[in-house]
Amino acid sequence: MARVYNFSAGPSVLPEPVLRRAADEMLDYKGSGQSVMEMSHRSKIYEEIITGAEALLRKLMGIPENYHVLFLQGGASTQFAMVPLNLMTEKKSADFINTGIWSKKAVAEAKRYGTARVVATSDDKNFSYIPDLAGVAFDPQAAYVHITTNNTIVGTRYRAFPDTGNVPLVADMSSNILSEVMDVRAFGIIYAGAQKNLAPAGLTLVIIRKDLVGEPQPATPTMLRYATHVESMSMYNTPPCYCIYIAKLVLEWLEAQGGVAAMQKINEEKAALLYNYLDGSKLFKAPVAEPHRSLMNVPFVLPTDELNADFIKKATAAGFVNLKGHRLVGGMRASIYNAMPTEGVVKLVEFMKKFETENC
Ligand code: PMP
């Protein structure tokens with residue numbers, strides 16, 4: 001069966017060599033006579049997988065020694081609660097930049113545990129830009145400042161991060177982790193649901209500066225305390241073993257591509273192919289302008305809902321799937337994560353050009 005070009009926002013396309021390797025190792029992982037799905041998470045052979053994944057991630061992202069790497073569950077959505085529960089202790093207030101639905105959800109959850117101040121927002125223009133943070137009065141007493149580095153639904157991303165002084169910057173990096181070079185030292189906590197650039201759904205990655213692992217709010221469940229997972233090295237309970245194994249394969253693949261800097265270059269080229277075409281098109285439009293454009297999620301629209309529906313139908317039939325925009329914004333969205341080959345974007349643009357010719 002031929003594989004399609006999958007532009008899904010998440011879960012998303014995985015590198016084909018990773019899928020092939022997983023298939024080869026499915027019944028017998030390295031002569032153990034077991035699948036990784038079946039083995040004890042406390043076995044020696046599994047320990048090599050989880051420690052190997054962490055070591056590779058540290059190398060690829062340049063994660064310094066004073067940060068813990070945690071492999072958790074519950075998705076990025078659980079982090080919306082876990083961050084305030086663990087960080088809003090002495091200081092019961094945090095600052096948020098509202099750049100879309102995911103930021104809003106982080107705010108709503110934090111409000112259950114303290115004060116969540118929205119200090120900047122782009123809701124006046126449907127979140128089609130990242131607010132200018134130069135003049136923002138961050139609270140120097142805040143427990144943390146929260147941002148969403150890439151806004152999956154509307155297709156915006158930060159090009160530079162706010163300087164929050166001694167207040168830790170917490171980043172939801174779910175949809176652009178490992179897609180471009182980022183200095184981990186700029187952040188107190190980075191978290192990401194893995195189902196876009198790293199692994200299948202079920203794994204949540206947390207990178208946390210060691211000094212931020214403290215005593216959480218008293219009623220915090222054991223599973224929602226960072227300290228629990230730090231002390232047991234992500235093995236307090238059964239971790240998402242198979243997802244971590246796939247993450248390791250994805251990281252090995254990323255390393256073989258030349259690492260994050262090399263991947264960033266490819267991602268910039270891929271995104272430029274689409275944006276350049278959109279900017280020159282008489283039919284398609286990109287609602288997000290530079291310098292706010294995401295490298296990972298490229299939304300675009302046609303002049304009418306009928307044309308949008310017709311495009312999606314024809315694209316799907318031609319093997320370009322999951323291009324429908326998020327239900328809250330409509331239109332189309334091409335998610336072009338690390339694993340989307342350049343060829344997929346080239347062919348999509350060719351298909352769009354053909355559609356334009358037929359409809360102009
Ligand atoms: N934040 C961002 C930026 C996302 O894109 C998503 C999921 N698409 C989430 C949070 C929620 O992640 P999860 O489904 O892992 O809870």
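**Exercise 1. Describe the area buried between domain 1 and domain 2, and state which residues of domain 1 contribute the most.**

Step 1. Domain 1 and domain 2 bury about 2100 Å² between them, 58% of it on carbon and sulfur atoms. Buried area is the accessible area (1.4 Å probe) that two parts lose on being put together, summed over both.

Step 2. Within domain 1, the residues that lose the most area to domain 2 are Ile153, Arg157 and Ser179, together 24% of what that side buries.

Step 3. The model is a predicted one, in which local features need pLDDT of at least 70 and side-chain atom pairs count only at pLDDT 80 or more, while totals for chains, interfaces and linings use all residues. Residues are numbered from 1 along each chain as its sequence is written, and side-chain values use heavy atoms, with hydrogens and water left out.

Step 4. The domain assignment places domain 1 at 17-256 and domain 2 at 259-359; such bounds come from an automatic or database domain assignment. The centres of the two domains, taken over C-alpha atoms, are separated by 27 Å.

**Exercise 2. Characterise the contacts between domain 1 and domain 2 by number, type and element.**

Step 1. In contact (heavy atoms within 4.5 Å) are 24 residues of domain 1 and 25 residues of domain 2.

Step 2. There are 14 residue pairs in polar contact between the domains, both residues at pLDDT 80 or more. A polar contact is a pair of N or O atoms within 3.5 Å; within protein, one must be able to donate a hydrogen and the other to accept it, and residues adjacent in sequence count only if both atoms are side-chain atoms.

Step 3. On the side of domain 1 that touches domain 2, the elements giving two or more residues are β7 (156-157) and α6 (241-256). Helices (H or I, at least four residues) and strands (E, at least two) are DSSP runs, numbered from the N terminus. The largest share, three residues, comes from α6.

Step 4. By class, this side of domain 1 has ten nonpolar, nine polar and five charged residues. Here Ala, Val, Leu, Ile, Met, Phe, Trp, Tyr, Cys and Pro count as nonpolar, Asp, Glu, Lys and Arg as charged, and the others, Gly among them, as polar.

Step 5. The count of salt bridges between the two domains is one. A salt bridge is a side-chain nitrogen of Lys or Arg within 4 Å of a carboxyl oxygen of Asp or Glu.

**Exercise 3. Describe the surroundings of Ser179.**

Step 1. Ser179 is located in the loop between β8 (169-172) and β9 (189-193).

Step 2. Ser179 is buried, at a relative accessible area of 0%. Buried means under 20% relative accessible area, exposed over 50%, and partly exposed in between (1.4 Å probe, protein chains only).

Step 3. Its side chain reaches the backbone oxygen of Asn176 at 2.7 Å. Leaving aside residues up to four places away in sequence, Ser179 touches Asn197, Val260, Met263, Gln264, Asn267, Met296 and Asn338.

**Exercise 4. Which parts of the chain do the salt bridges Lys59–Glu255 and Glu180–Arg157 link?**

Step 1. The side chains of Lys59 and Glu255 meet at 2.4 Å, N to O. Lys59 lies in helix α2 and Glu255 in helix α6, so this pair ties together parts that are 196 residues apart in sequence. Lys59 is exposed, at 59% relative accessibility, whereas Glu255 is partly exposed, at 30%.

Step 2. The side chains of Glu180 and Arg157 meet at 2.8 Å, N to O. This pair links distant parts of the chain, with Glu180 in the loop between β8 and β9 and Arg157 in strand β7, 23 residues apart. Glu180 is buried, with a relative accessible area of 10%, and Arg157 is likewise buried, at 6%.

**Exercise 5. Locate the cis peptide bonds Gly10–Pro11 and Glu290–Pro291.**

Step 1. The cis bond that joins Gly10 and Pro11 has an omega of about -5 degrees. Pro11 lies in the loop between β1 (5-6) and α1 (16-24).

Step 2. The cis bond that joins Glu290 and Pro291 has an omega of about 10 degrees. Pro291 is found in the loop between α7 (259-280) and β11 (297-300).

Step 3. The side chain of Glu290 also meets that of Arg159 in a salt bridge (3.1 Å, N to O).
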